[in-house]
Amino acid sequence: EESVLAGEYLSVIFLGTIFVFLNSALRTVFQALGDTKTPLYIFGLSNIINAVLDPIFMFPLKMRLSGAAVATVVSMVVSFVAMLYLLIKKLYASSISSCLSSMKLSYKDSIKLLKIGGWACIQNISRPITQGKRLVASIIPQTTIRVVYKRNSKQICKAYLYLRITF
């Protein structure tokens, strides 16, 4: 049953993974602008939303662990929307059209970006190829997790072996 519950949770949380990266990118933009408090407040509010929605989705709505995952994804989406709105408001005076028009790249700007980021891109692509030996060596069992719980007054211990693959 534990693997079923874990599967429920992970299948939902996986859908929200993109918001982890988007939130991280937006947080970095705010920090680059010298504003470290706004992301702090937004993520604090997001955590409160998650804490409030967790028991609601899990118990009254009877979604169990997938309800906790849904609450987490909802809180990540809320933080993304809030940060995107505040960033557009801060940089473009709340004008979505001027925000979208600023995203158009000219040929000249594209060449500048390729000159700056091209080498880093090539390096990141080639790293797994050049470290092939390490990749093969790292696909070995590295973590054992023990789960201890009680069922019908009996203590049950299960061990799960995970493969850790690193690049």
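Modeller: Happy to; here is a look at helix α4 and the helices it packs against. This is a predicted model, so local features need pLDDT of at least 70 and side-chain atom pairs count only at pLDDT 80 or more, while totals for chains, interfaces and linings use all residues. Residues are numbered from 1 along each chain as its sequence is written, and side-chain values use heavy atoms, with hydrogens and water left out.

Let us start with α3. Helix α3 covers residues 37-58 and helix α4 covers residues 64-92 (helices are DSSP runs of H or I with at least four residues, numbered from the N terminus). Their axes lie 8 Å apart and the packing angle is about 155 degrees (axes are lines fitted to C-alpha atoms over the stretch in contact, and angles run from 0 to 180 degrees between N-to-C directions). That makes α3 roughly antiparallel to α4, a label for angles over 145 degrees. The contact of α3 with α4 has 16 nonpolar, 7 polar and 2 charged residues (Ala, Val, Leu, Ile, Met, Phe, Trp, Tyr, Cys and Pro count as nonpolar, Asp, Glu, Lys and Arg as charged, and the others, Gly among them, as polar).

Ser46 belongs to α3. With a relative accessible area of 6%, Ser46 is buried (under 20%, using a 1.4 Å probe and protein chains only). Leaving aside residues up to four places away in sequence, Ser46 touches Ser75, Met76 and Ser79 (contact means heavy atoms within 4.5 Å).

Now for α2, residues 17-32. The axes of α2 and α4 come within 9 Å and cross at roughly 30 degrees. That makes α2 roughly parallel to α4, the label for angles under 35 degrees. The crossing of α2 and α4 is left-handed. Among the contact residues are Phe19, Leu26 and Phe30 of α2, and Met76, Phe80 and Leu87 of α4. By class, the contact of α2 with α4 divides into 13 nonpolar, 2 polar and 2 charged residues.

Finally, look at Ser66 in α4. Ser66 counts as buried, at 15% relative accessibility. Its side chain reaches the backbone oxygen of Met63 at 2.6 Å. Not counting residues up to four places away in sequence, Ser66 touches Glu8 and Val12.

Conventions: Helix = DSSP H or I, 4+ residues; strand = E, 2+ residues; numbered from the N terminus. Parallel < 35°, antiparallel > 145°, perpendicular 65-115°, else oblique. Buried < 20%, exposed > 50% of the residue type's maximum accessible area, 1.4 Å probe, protein only. Polar contact = N/O pair within 3.5 Å; in protein donor to acceptor, adjacent residues only side chain to side chain. Left-handed = near helix turned anticlockwise from the far one by under 90°.
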